[in-house]
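Biologist: Before we turn to particulars, may we go through this model together, one question at a time?

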Amino acid sequence: MDAKRKILVADDDPHVREIVTTILRRAGYPLLVASSGEEALKLFNEHSDQIDLLITDMVMPGLTGDELAAHLRQNKPELKIVFMSGNISYTFQSEIFEAEQATFLSKPFASRELLDAVQQKLNTI
């Protein structure tokens with residue numbers, strides 16, 4: 001696993017954030033973790049050269065996951081994205097999901113589903 005390949009995780013739910021980060025850290029992935037879209041944007045601006053993958057909740061107060069992804073893609077078009085949501089109908093409103101073929105995980109998901117999605121995205125870099 002390439003230690004330079006950092007994953008930025010953004011989710012406003014502390015329980016989901018904890019589960020996702022625990023799974024990814026156990027698998028050896030270096031992470032940056034944000035509790036909001038705005039915090040994720042700040043982390044990205046500080047570490048954009050190190051971040052290869054964004055894993056974000058679609059529905060967050062303030063900056064939503066698809067809005068966050070759109071902002072980040074303006075500065076780094078090659079950024080890979082995994083969207084998460086418990087509301088599957090919301091993903092179909094995301095232009096990035098449709099245009100860029102981002103991966104979508106429906107909450108709740110199994111550890112293996114998350115790890116498979118991450119590995120698939122990172123293998124396309």
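Biologist: Which strand does β1 join over four bridges?

Modeller: This is a predicted model, and what follows should be read accordingly. Four bridges connect β1 to a strand that runs parallel. A10 stands opposite A34 of that strand. The strand is β2.

Biologist: What handedness has the β-α-β unit that β1 and β2 make with helix α1?

Modeller: The unit consists of β1, then α1 (residues 14-26), then β2. Its two strands run parallel. The unit is right-handed.

Biologist: Which residue in β3 is the bridge partner of L8?

Modeller: β1 also pairs with β3, in the parallel sense and over five bridges. Within β3, the bridge partner of L8 is L54.

Biologist: How many of the five residues of β1 are buried?

Modeller: Burial here requires under 20% relative accessible area. By that criterion β1 is mostly covered. The number of buried residues is four.

Biologist: Which residue in β5 is the bridge partner of V82?

Modeller: Strand β4 (residues 80-85) pairs with β5 in the parallel sense, over four bridges. The bridge partner of V82 in β5 is T103.

Biologist: How many of the residues in the contact of α1 with α6 are charged?

Modeller: The axes of α1 and α6 come within 10 Å and cross at roughly 65°, and the crossing is right-handed. V20, I23 and L24 in α1 meet S111, L114, L115 and V118 in α6. Six of the contact residues are nonpolar and one is polar, while the count of charged residues is none.

Biologist: Is the peptide bond from K107 to P108 cis or trans?

Modeller: P108 lies in the loop between β5 and α6 (111-122). The omega of the bond from K107 to P108 is near -5°, and the bond is cis.

Note on methods
Residues numbered from 1 in each chain as written. Predicted model: local features only at pLDDT ≥ 70, side-chain atom pairs only at ≥ 80, totals over all residues. Heavy atoms only, no water. Pairing = 2+ DSSP bridges. Buried < 20%, exposed > 50% of the residue type's maximum accessible area, 1.4 Å probe, protein only. Right-handed = clockwise from strand over helix to strand, strands pointing away. Axes fitted to C-alpha atoms, helices over the stretch in contact; angles between N-to-C directions. Left-handed = near helix turned anticlockwise from the far one by under 90°. Contact = heavy atoms within 4.5 Å. Nonpolar A, V, L, I, M, F, W, Y, C, P; charged D, E, K, R; others polar.
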